[in-house]
Every structure is written in C-alpha cells, then in structure tokens.
Amino acid sequence: QVQLVESGGGLVQPGGSLRLSCAASGFTLDYYVIGWFRQAPGKGREGVSCISSSADSTNYADSVKGRFTISRDNTKNTVYLQMTSLKPEDTAVYYCAAYPRSMLFRLCMFSDVYNYWGQGTQVTVSS
C-alpha cells in the first residue's frame, strides 16, 4: 500500500522552530519529486517547497525563503522540512506529496501534478 505519512507538527511560539517529516511506505522515494504544501483555514492549498529526487534542486515559496529548508534522506525514505523563525501566518495543515521524477521539476509547486498525498500535520504558531 502506497502511503505518505507526515509528522512533527504541533504548537510553537512565534520565532520558534519545527521539523516536519514525510515518511514513505509501499514505494521508494528515490524516484519521486517531493513537495510540501499547506492549507490555512478558509484558504486554498499553497505550495511551500519541493525537492528533486536527487536533492540537487529545490524550490521555495517567497513567503518561506530563508526560513524553511527542505531536505531528503533517501536511505530512510524520508523528506524533511525544517521551519525556523515561524510566524502566525505559517499556521496551517502541512501536507507532503510525491510525483515521478520523469516529469518536469519546474512543475513542483503546482499541486495538480502530484500523485500521492499524505494526510497532513497541523502546525500552529501562536503565543
């Protein structure tokens, strides 16, 4: 069974940090581009960051550049999103997703290209 499972969300104060994990089962992440998306209450799903299968390319939304870092450990079949200097506007449900590396990497911030999605993890930034 193909599955992506996010973890690491929680409640954090403004300025704090969290590291999200996206673990895959039932398939090997080596062959997939991985993206992180988020959805805040009453808003649409937003692309946050994405990473190529070999980790030689990454992309970030302007709103998180310099604060978030995406990485992957293919030996652990896991992708990470390190979030620092968190702001209340980062509050959302965060999802990871995967699509085959045979497709163009430059599409990675568009949710429509992704085949597999996790169930999401809640991140709340509040004092």
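Visitor: Why is Leu 104 called partly exposed?

Guide: Buried means under 20% relative accessible area, exposed means over 50%, and partly exposed is in between, with a 1.4 Å probe and protein chains only; Leu 104 has a relative accessible area of 44%, so it is partly exposed. This is a predicted model, in which local features need pLDDT of at least 70, side-chain atom pairs count only at pLDDT 80 or more, and totals for chains, interfaces and linings use all residues. Residues are numbered from 1 along each chain as its sequence is written, and side-chain values use heavy atoms, with hydrogens and water left out.

Visitor: Where does Leu 104 lie?

Guide: Leu 104 is in the loop between strand 9 and strand 10, the latter being residues 116-117, where strands are DSSP runs of E with at least two residues, numbered from the N terminus. The C-alpha atoms of Leu 104 and Gly 120 are separated by 25 Å, and these residues are 16 apart along the chain.

Visitor: What makes Ser 21 buried?

Guide: Ser 21, whose place is in strand 3 (residues 18-25), has a relative accessible area of 15%, and because that value is under 20%, Ser 21 is buried. Leaving aside neighbours within four places in sequence, Ser 21 is in contact (heavy atoms within 4.5 Å) with residues including Val 5, Trp 36 and Val 79.

Visitor: Which residues have the most contacts inside the largest nonpolar core?

Guide: They are Leu 4, Trp 36, Phe 68, Val 79, Leu 81, Met 83 and Tyr 94, in a core of 29 residues; a nonpolar core is a set of buried Ala, Val, Leu, Ile, Met, Phe, Trp, Tyr and Cys residues joined through side-chain atoms within 4.5 Å. Among the strands that each supply at least two residues of this core are strand 3, strand 4 (32-39) and strand 8 (78-83). A second, separate core has eight residues, including Phe 37 and Tyr 114.

Visitor: Why does Asn 77 count as buried?

Guide: The relative accessibility of Asn 77 is 16%, which is under 20%, and therefore Asn 77 counts as buried, although it lies in the loop between strand 7 and strand 8. Asn 77 also has a positive phi of about 55 degrees and is not a glycine, whereas most residues other than glycine have a negative phi.

Visitor: How do you know that Ala 55 is partly exposed?

Guide: Ala 55 has a relative accessible area of 38%, which falls between 20% and 50%, so Ala 55 is partly exposed. The place of Ala 55 is in the loop between strand 5 and strand 6 (58-60), and its phi is near 70 degrees, a positive value.

Note on methods: Helices (H or I, at least four residues) and strands (E, at least two) are DSSP runs, numbered from the N terminus.
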